[in-house]
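Below are a few exercises to work through, each with a solution you can check against the coordinates.

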Amino acid sequence: MRLQGKTAIVVGAGQTPGETIGNGRAMSLLFAREGAEVLCVDRRVERAEETASMIVAEGGKAAAFAADITKATDCEAMIEAAKARWPRIDILVNNAGIGGGGDGPAHRLTEDAFDRILAVNLKGTWLSTKAALPVMREQGGGSIVNISSLASIAGGNQVAYEVSKAAVNRLTTSTAQANAAKGVRCNAIAMGLMDTPMAVAGIASSTGQEQQAVRDARNARVPLGGKMGDAWDTAYAALFLASDESRFITGTVLFVDGGMSSRVG
């Protein structure tokens with residue numbers, strides 16, 4: 001019960017349909033199992049409701065909320081909904097993110113894709129953070145966990161996604177510095193290759209490959225055991241950063257990537 005008595009907002013708590021579990025759903029379930037009450041937020045409320053229902057079925061406490069985090073009014077409404085339920089907001093996880101759909105190297109990336117991906121991955125993370133910070137600062141503490149990516153420091157085939165996640169890293173460190181005196185921590189998780197529906201099913205759909213072929217190719221690129229991580233790896237890292245066990249950690253980007261970021265040259 002590492003989050004006993006704590007409250008958590010998980011943005012992007014639904015998931016893309018697929019064979020495996022997504023990061024947002026895994027984090028929501030794990031947080032609830034560890035004692036937190038969770039507000040499951042997603043643009044598609046039916047997906048958030050499904051996650052919340054899974055938590056309740058396990059005996060946990062959860063509710064769903066619909067929000068488009070690219071809109072400041074939706075982010076503010078999300079925080080107001082949390083304040084109506086709880087006396088404080090202990091944890092905010094910024095997990096919503098998109099890619100694909102016109103992304104690519106700089107010479108092929110479309111302007112529409114650049115604007116759309118940056119609006120969700122960067123602006124949305126900032127807007128939800130901005131909405132939550134006044135509450136956390138006033139109450140004297142809180143933990144913000146941003147979901148970044150190995151793509152923030154590596155790659156060359158999806159410029160918009162890579163730039164958005166690099167910016168999330170800097171947003172994380174800046175937020176940590178600006179709010180440390182108020183007891184508010186902000187850290188990020190940079191995920192490597194993960195076996196999630198958004199990643200594997202999304203790539204398979206966009207490239208016309210079988211999901212297992214995509215999975216095999218991704219597994220072969222991972223140094224640690226020759227196998228991707230999964231959403232539970234993300235969830236356990238988030239649990240640590242959300243809990244009081246990491247009370248002296250802020251402004252950190254934690255790479256959860258099976259050793260991929262340690263490769264040089």
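The exercises that follow use a predicted model.

**Exercise 1. Work out the strand order of the open sheet and find which strands stand at its edges.**

Step 1: Walk across the sheet. Seven strands line up as 3-2-1-4-5-6-7, and the pairing is parallel.

Step 2: Look at the ends of that order. Strand 3 (61-66) and strand 7 (253-256) each have a single partner strand, so one side of each has no neighbour in the sheet.

Step 3: Zoom in on one pair. Strand 1 (residues 7-11) runs parallel to strand 2 (residues 37-42), with five bridges between them. One thing to click on here is valine 10, whose bridge partner in strand 2 is cysteine 40.

Step 4: Now see what lies across the sheet. Helix 8 (residues 231-242) covers strand 4 (91-94), strand 5, strand 6 (184-191) and strand 7, and runs at about 165° to strand 6.

**Exercise 2. Describe how helix 3 and helix 4 pack, and sort the residues of their contact.**

Step 1: A packed helix pair is described by the angle between the axes and the distance between them.

Step 2: For helix 3 (residues 72-85) and helix 4 (residues 111-139), the angle is about 35° and the axes are 8 Å apart. The crossing is right-handed.

Step 3: List who meets whom. Helix 3 brings Ala72, Cys75, Glu76, Met78, Ile79 and Lys83, while helix 4 brings Leu127, Ser128, Ala131, Ala132 and Val135.

Step 4: Sort them. The contact comes out as eight nonpolar, one polar and two charged residues.

**Exercise 3. Is serine 149 buried or exposed, and what is it in contact with?**

Step 1: Serine 149 belongs to strand 5 (residues 142-149).

Step 2: Check the accessibility. Its relative value is 8%, and buried means under 20%, so serine 149 counts as buried.

Step 3: Follow the side chain. It reaches the backbone nitrogen of alanine 151 at 3.0 Å.

Step 4: Skip neighbours within four places in sequence. Serine 149 then has contacts with Tyr161, Lys165, Ile189, Ala190 and Met191.

**Exercise 4. How many residues of helix 1 are buried, and what does glycine 35 do just after it?**

Step 1: Count along helix 1 (residues 23-33). Of its 11 residues, 10 are buried, including Arg25, Met27, Leu30 and Phe31.

Step 2: Step past the helix end. Glycine 35 takes a positive phi of about 105°.

Conventions
Residues numbered from 1 in each chain as written. Predicted model: local features only at pLDDT ≥ 70, side-chain atom pairs only at ≥ 80, totals over all residues. Heavy atoms only, no water. Axes fitted to C-alpha atoms, helices over the stretch in contact; angles between N-to-C directions. Helix = DSSP H or I, 4+ residues; strand = E, 2+ residues; numbered from the N terminus. Left-handed = near helix turned anticlockwise from the far one by under 90°. Contact = heavy atoms within 4.5 Å. Nonpolar A, V, L, I, M, F, W, Y, C, P; charged D, E, K, R; others polar. Buried < 20%, exposed > 50% of the residue type's maximum accessible area, 1.4 Å probe, protein only. Polar contact = N/O pair within 3.5 Å; in protein donor to acceptor, adjacent residues only side chain to side chain. Pairing = 2+ DSSP bridges.
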